[in-house]
Amino acid sequence: MNPTPWHQIVRLKPELRSGELSLAEFAADLHEVVTGAGRRPIYEDPAKFFALTYPTHALRDLVKDIAARLAGQSAKAVRQLEMTYGGGKTHTLITLHHLFHQAESLPDLASVREFREHADHPFARAATAALCFDKIDVEKGIEGTRGPNGETRTLKHPWSVLAFQLAGTDGLRILHGDDLDEERDTPPAEPLLVKLIERQQRDGSATLILLDEVMMYARSRAIGGGDWLAHLRNFFQYLTQAAAKIDRAAIVASLLATEPGRQNDPLGKGILRNLADIFRRQSEEGVQPVQKEDVAEVLARRFFEPDSVRDRGAYKPHVIGIVKGIAKLDETTGKARKEAEKRFLDSFPFHPDLTDVFYSRWTQIEGFQRTRGILRTLATALRDAEPWDRSPIVGPAVLLAKPGAPTVSEAMRELAKPATMDSVEGKRTEWVPLLEAEFDKAREIQQEFRSLSAAREVEQAVVAVFLHSQPVGSKAHTPELLRLVGGSAPDAIELEKGLRRWRDTSWFLDDDDIGDDPAEFGGEQPLPRSWRLGNAPNLKQMHDEACRNRVTDAMVEDRLEAVIRKTKSLTNGASAAGARVHLLPKAPRDVPDDGEFRYVILGPGAVSASGKPSGAARAFLDHTTGPHRPRVYRNALVAAVPSREGLDAARARVRSLLGWEDVAGQLQRQAVDPLRAERLRRQIARAGREVPGVVRQAYGIVVTVDDANRVHAFKLQASGNPLFEEIKGDRKARIKDTPVNAEALVPGGPYDLWREGEESRFANQLAESFARYPHLPKVLRPNLVTDTVLAGVRQGLFVARQPRPDGSNRTWWREPVDPVAVEDKALEIVLPEKARLASLNPGLLAPGNLPDLWKPATDDAGQRLRVATLLEYFSGSRVATNSTRGLRRAGGNPRLRPRSRAGSRRHGGRKGSRLDNEPSRDVLEGGRPPRNAQPGGVTAPAAGSRRAPAPDGGNRPDRLVREPHKRSRPDPSPMPEEVFGGSLGNGPRRHRRRRQGAMARPRQGQRSD
């Protein structure tokens, strides 16, 4: 529910709303009242004057004391008025003049009755003399001085003005040395002034002397030189002594000037000190007629219709709602709600904090009284704000311009004038353009936080801080600010966000009390402890100016590149994973095209968007030295590039860092207080910490080729991990860092590496295929593919073949490939059904090592194998089916390389077609697998022994080979490499021959089949 606006509860006076009440009428003028000039009836007519006068307690006490003195019942002859609120000192002097000059004809008004009832004595009729020193010209004097009989005269000296008002020409004769009705040039002594006052009292009236604006005249006389300041000091000394000696004579003096500048310089302070000492000798304590608690009532009587402000109790429900809303923002108000409600009720319709800041601070501002003070300012504000202000109480909002206005209000311009005259370090503060800039920011913030738009709380905050920033050195503490802008009960969270945003964007908010880095506390930066607007550039303003005018785009790009090079999170883990890292290469030629996996971090020039790779990024994947040299291994390159929004953010942070560094450079030439220096150090450190993180976040786009060989760009899902880890973990990158399945490399497998009719491939070609063909996954290390191929050889999926210089080949099948051979670029990978083995590991012939080779056992003799089966197994025509991990492939076993026996001594030069592979013959000539065969039972011959001839018919096709009896299980320990590998594998032929006899002889206790 929206609160009721203040102007629907109290009503402005019609003449103020319509503009008929001139603002000049708020400037009281004692001289015009005494002379009856008729220019301001509101002050000259007692009825009109007392209708708007509020008898404050201090003013009633002063009237009581003067009434007692004029009745001859008090010794308090001299009273001095102190600085009062909004011109109240002159209003007080006018009140005394009306009450005692026309005591018998006072109007019957409530305020007059209050004065009478408070006084202990009836108001005596008094002759009133008013020395208005602001009207006495030091050269020509003052015109229109009125005597008791109505005669007027132009007089030059203040003692002459006093004498003529009290006794006319007789008064002048009393003071003149020759008894002439002319002026004298020197101040009269005390006896003459006593004689003058007694002369005036002959008709029985008392004497009331009113002194106003003494300092203005005194300072002017002092500047003119001569003895005039001494004359004036003597005059006041004699006058106060004379008044103290005469019953029913009183002096009420206002020494302070309306324009404080007249008394705040060394000359003015000296004069004031001398004069104050004189009055202090004869006077009682100083009088301040309007106290802080009286201000709201004074203003209410001046601005609002009497019947609408008469019953304050009627406002209580409204005030309770206001205090409730403020209590949600200010903890102190919430704890003392009862006291707060009384305070707001006594001040209604004005916000008590608004009147307090004017009363406590603005009366100290040089020139504030010259603008006629708060009465004139608030009159303008209330009149202009009534049509649109929705606030429930008269607060900072009334000083705003109407919604949508591009400039400040008339009331704010009035306040800006005296504030502008103040200075900071010798510089004037041009408040109007400063405030316009701050209001622009406030309106932008209110558009962002829509709940703050109706009551315009951020704009109110600008007003509140401006008011609290006067005079120089003043500030608003955060609770004070929240109370002032909280009258409409804004949302506490939204208001705090809005104020924080203003603090972050303002150029003229002092940054003395800005909180610590929020990162140190893991949350948002708190509101500052205090707020102050000023003309001295704060660190924020200096920083913004540096970012806008001093930090160039070239500086930003240079630093950005340097930061990218130093940001470890862009490259961490890439080299360890097997990638070759290229950080900010200048051109595609800087990234080799050799099949190695290349991880490229491109600079800002390659900025891209998801689905839209830039031309600069595409060039690295399309070619090397130019379009005439296309890149071959496109599938081995992944580029990380910044996104547009990420790059903008990174540039902004880099610019901010450079701006803070520039501020530090500027302040090196100045004396900087330790607090500001420490704050600047924190800002630089904070910006320096933030930049690498923002740069890392900027690199959120990956450019590479997809499985259709098209260059594409995709956006990474942020994880907080190093960049390469994020890229590797994204399925769209298709990067593998573990070995692929060997079964996937065979013909018909998912990788489709073999062309139709192709029997063999170089091993390094298989690895390069993954770097070259985009339908394959991207492999971080080529040896991952090589390891997979070698594993396929060990599993029997492939045969490895290495050519020898003599034209022969070494082969490996179902056994590890020699490490030296692995490094040979001539190493081939052959499909088993197309391969011819140059050798065979004897251990493979043991039961269980080769699929479908041995027949199941039918008796206790164990498994058996016919030689014919073995010959057929390695004939190259046998079809086998491999089924591993769900993959089924039909293919053949490799053939064993045939051996020519022409010229053989052993066979008499005859050619034969028996088992044509020496290793296999070595196994079978003994009638059973050797005991120490790997892994199932071939007996190793003794070192250096000569193999005996095989038994008659040992290689016949119908010959049976049996598994050894269980009781004679072979030794499971492997055969030493020099025996197994040398004599039965790929070792020299002569070693195998020497051991054939030993292998053919059965061991003791073994049965020979």
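You're looking at a predicted model, where local features need pLDDT of at least 70, side-chain atom pairs count only at pLDDT 80 or more, and totals for chains, interfaces and linings use all residues. Residues are numbered from 1 along each chain as its sequence is written, and side-chain values use heavy atoms, with hydrogens and water left out.

**Stop 1: charged pairs.** Select Asp181, partly exposed at 26% relative accessibility. Asp181 makes a salt bridge (a side-chain nitrogen of Lys or Arg within 4 Å of a carboxyl oxygen of Asp or Glu) with Arg173, and their closest N and O atoms are 4.0 Å apart. Arg173 is partly exposed too, at 32%.

Next, pick Glu410 and Arg383, whose side chains meet in a salt bridge of 3.9 Å, N to O. Glu410 sits in helix α20 (residues 410–421) and Arg383 in helix α19 (residues 373–385), so this pair ties together parts 27 residues apart in sequence. Helices here are DSSP runs (H or I, at least four residues), numbered from the N terminus.

Now go to helix α24 (residues 492–505), where Glu496 and Arg500 lie four residues apart, about one turn of the helix. Their salt bridge has its closest N and O atoms 2.9 Å apart. Glu496 is partly exposed at 34%, while Arg500 is buried at 10%.

For a network of salt bridges, select Asp330, Arg343, Asp353, Asp356 and Arg483. How many salt bridges does a search of the whole structure find? It turns up 54.

**Stop 2: the nonpolar core.** A nonpolar core is a set of buried Ala, Val, Leu, Ile, Met, Phe, Trp, Tyr and Cys residues joined through side-chain atoms within 4.5 Å. The largest one has 77 residues, and those touching the most other members include Leu435, Phe466 and Leu533. Helix α22 (residues 457–468) gives the largest share of this core, eight residues. Zoom in on Leu435: leaving aside residues up to four places away in sequence, Leu435 touches Val408, Met412, Val462, Phe466 and Leu533 (contact means heavy atoms within 4.5 Å).

**Stop 3: helix α21.** Finish by selecting residues 431–448, which make up helix α21, 18 residues in all. Its buried residues include Trp431, Leu435, Phe439 and Ala442.

Technical notes: Buried means under 20% relative accessible area, exposed over 50%, partly exposed in between (1.4 Å probe, protein chains only). Helices (H or I, at least four residues) and strands (E, at least two) are DSSP runs, numbered from the N terminus. The expected span of a helix is 1.5 Å times one less than its number of residues.
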